[in-house]
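Please read it alongside the sequence and the model.

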Amino acid sequence: MGSPVFDIGGVVQALHGVRAEWRAAQKRSTEPGGREFPSRDAVAGIVESLKGVLFPMRLGPVDLRQESEDFYVGYTLDAALHALLAQVRLELRLVDGVPAGTQPTLVVQQFAQALPGIRRLLDSDVLAAFHGDPAARSVDEVLLCYPGILAMVHHRLAHQLYRQGLPLLARILAELAHSSTGIDIHPGATIGAGFFIDHGTGVVIGETTLIGERVRLYQNVTLGAKRFSTDAQGHLEKGQPRHPIVEDDVVIYAGATVLGRVTLGQGATIGGNVWLTQDVAPGAHVTQASSRQEPRAAAVPRSESVSAVSA
């Protein structure tokens, strides 16, 4: 019996036609050339290297010894930054409104200089998970096993790229964590130190969310937008503040949904499966059963702004 014969040539030509239609509709160049967009695979390799740079003895190579730690970090960081530089150059060619004279090398240098601060923030996240979960036996277990920590490693790195005007690279990095953990954190979200996501699956945190310090979330929590404003032509307006502000020491239990630019006051507790579209007073306890805010005996004075540290 002979091998099957497929119409490869016909399919190739048909796909060529579809690509040409798309490029014409999107006003893309049809000139021959190399890749125009950052690579998801390249970003995945970069972030894996950066995990080893940040935590060499836990997320680095299995045969690494402590006496070789600095050499490994230096060598790996150099390779990762050069790989990142190539991706930054690709994105900067695509981004509208990039200031004239923006140098990809300077952008990557600034990113590298932010890494020690990112490591400190991640240390605070690891400690928050260890102290907040009675099942955690060590900080090493937290770093190696907890999906919430993996999501935050990605987010702290992605947020830095986002702040530096690289939203596509940031989003790719964030979506790599989303696909492996089920935790969806937009890289634009600002999250303070000591953040803990317990269990994590189904958590959604929107782009303009502001989260203070020592905040704890459980699975299936949504910090989302209530509505989307449009311009005169009916197009969605991008970048408007539309997600919650969560002040310091707030706890949000499983299944809660908080929508819109509302403020959860310092020390508030939001019970499981609560649906919220209004502000919550500092120290209040909101439950699904009562649908009301129950003030605690000693309410903490409300701060005017979230205390959040950008990575």
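## Aromatic pairs

F71 and Y75 are both exposed (exposed means over 50% relative accessible area, buried under 20%, partly exposed in between, with a 1.4 Å probe and protein chains only). The model is predicted, so local features need pLDDT of at least 70 and side-chain atom pairs count only at pLDDT 80 or more, while totals for chains, interfaces and linings use all residues. Residues are numbered from 1 along each chain as its sequence is written, and side-chain values use heavy atoms, with hydrogens and water left out.

The count is two aromatic pairs (ring centres of Phe, Tyr or the six-membered ring of Trp within 6.5 Å; planes under 30 degrees apart are stacked, over 60 edge-to-face, the rest tilted). F71 and Y75 are stacked, at 6.4 Å centre to centre and 15° between the planes. Both lie in helix 4 (residues 69-94), four residues apart (helices are DSSP runs of H or I with at least four residues, strands runs of E with at least two, numbered from the N terminus). Y218 and Y253 are also stacked, with 4.9 Å between centres and 15° between planes. This pair links distant parts of the chain, 35 residues apart. Y218 is buried at 13% relative accessibility, whereas Y253 is partly exposed at 34%.

## Salt bridges

There are 10 salt bridges (a side-chain nitrogen of Lys or Arg within 4 Å of a carboxyl oxygen of Asp or Glu). One of them joins D123 and R119 at 2.7 Å, N to O; both residues lie in helix 5 (residues 104-132). D123 has a relative accessible area of 28% and R119 one of 30%, each partly exposed.

R156 and D125 form another salt bridge, with the closest N and O atoms 2.9 Å apart. R156 lies in helix 7 (residues 147-163) and D125 in helix 5, so the bridge ties together parts 31 residues apart in sequence. Both are buried, R156 at 1% and D125 at 0%.

Four strands form an open sheet in the order 2-5-8-11, with parallel pairing (two strands pair if DSSP finds at least two bridges between them). Strand 2 (190-191) and strand 11 (263-264) are at the edges; each has a single partner strand, so one side of each lacks a neighbour in the sheet. Strand 8 (residues 245-246) pairs with strand 11 over two bridges, and I245 has T263 as its bridge partner.
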